[in-house]
Amino acid sequence: MAPGQNITQAKYWFQPNKWDWPNGGSDFYHTNTCDPNYSPPSLGGWGYQYPRTGSGFGGGGVCVQYQNLYREYIEVSLYQGLNAGKKYCAFFYTTNSKIIGYGASDCIQLVFSVDSLLYYGVSWEHYPTTPHIQNHVGNIITEGSIITDTLNWVLINGIYTATGGEKFITIGCFSPKEEVSFYCPLGPGNCGYAYYYFDDFGVYELPEIEAGNNDSICTTGGSVQLNANCSGCWPGLQYRWWPATGLNDTTVLNPIASPTQTTTYYFGLTDTSNTVPCIIDLTDSLTVYVCDSIANPPPPTADSVFIFNL
């Protein structure tokens, strides 16, 4: 929105929609710029913000209250296309600007696409498509899911299952005005853009995990070995099982389970490097059934034989 440091000055990044105003569009802020309005942390009339990491970050007016126009987007090409059927963690960080008279919105979204969203429709118009990753309730916010934090960088992340060949990500507001919540500190209709800064983007292919098959214990003091699997795991990922009750180790792939009552165990991963936030959301489960008589059998399966102590 501000004149001068356009997002195209950030290597590989660009704005996909056309603006009539020659210097309009999403912005780029960097500590090495000669323009004091674009040199963090003091950004002149455009707020005050340190980069989350590194020396720079992007910014843009994602939407205006009651309008479908005046949408700013930032887009970049990925190093390679996504593989069909694979799950990916996509994430970025954002924070609301401190621009006087500006507002805040819940419409912070990301879209994957095979081709660039570069188009030459109505100038400044919103790009009508369904977002794949978007802001959700709980992000250091007020007014529902509206991000109003002007100090801390807020994580936006989600898991996306690829259709195959997606090579671009675009960040902005893709929802129509009827679906956008807006917060005006000066009252409805008395503010301009919901303007946000953006930093630290990532797209990672996620490993595939399986907790294994359900099992049964039908002998007093019996135990079973759980047989989890992780395909595509990398160094720095740690196994985790919960609840810990009845397990000899909650951090190995194949622990021994000795529950005294039927228990559902959950298997997941922890990223010890804190690089991929969606890792924590990968989970699978199995149930170990405990029985002590024919009156309390485990559920039948097609190829299992159960032995009971009578």
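Colleague: What makes the charged end of arginine 52 one that sits over the ring of tyrosine 93?

Modeller: A charge sits over a ring if NZ of Lys or CZ of Arg is within 6 Å of the ring centre and within 35 degrees of the ring normal. The charged end of arginine 52 is 3.6 Å from the centre of the tyrosine 93 ring, and it sits over that ring. This is a predicted model, in which local features need pLDDT of at least 70 and side-chain atom pairs count only at pLDDT 80 or more, while totals for chains, interfaces and linings use all residues. Residues are numbered from 1 along each chain as its sequence is written, and side-chain values use heavy atoms, with hydrogens and water left out.

Colleague: How many aromatic pairs does the structure hold, and why is the pair of tyrosine 29 and tyrosine 197 given its name?

Modeller: There are 17 aromatic pairs. Rings of Phe, Tyr and Trp (its six-membered ring) pair if their centres lie within 6.5 Å; planes under 30 degrees apart count as stacked, over 60 as edge-to-face and the rest as tilted. The centres of tyrosine 29 and tyrosine 197 are 5.6 Å apart and their planes stand at 85°, so this pair is edge-to-face.

Colleague: What makes this pair a tie between parts of the chain?

Modeller: Strands (E, at least two residues) and helices (H or I, at least four) are DSSP runs, numbered from the N terminus. Tyrosine 29 belongs to strand 2 (residues 27–30) and tyrosine 197 to strand 12 (residues 193–205), so the pair ties together parts that are 168 residues apart in sequence.

Colleague: Are tyrosine 29 and tyrosine 197 buried or exposed?

Modeller: Buried means under 20% relative accessible area, exposed over 50%, partly exposed in between (1.4 Å probe, protein chains only). Tyrosine 29 and tyrosine 197 are buried.

Colleague: Why is the pair of phenylalanine 57 and tyrosine 197 classed as it is?

Modeller: Its ring centres are 5.1 Å apart and its planes are at 65°, so this pair is edge-to-face. Phenylalanine 57 and tyrosine 197 also belong to one aromatic cluster, together with Tyr29, Tyr38, Trp153 and Tyr195.

Colleague: How do you know that strand 4 and strand 10 pair?

Modeller: Two strands pair if DSSP finds at least two bridges between them. Strand 4 (residues 74–77) and strand 10 (residues 168–172) run antiparallel and are joined by 4 bridges. Valine 76 stands opposite isoleucine 169 in strand 10. The open sheet of 5 strands has the order 1-4-10-7-8.

Colleague: What makes strand 1 (13–14) and strand 8 (133–134) edge strands?

Modeller: Each of strand 1 and strand 8 pairs on one side only.
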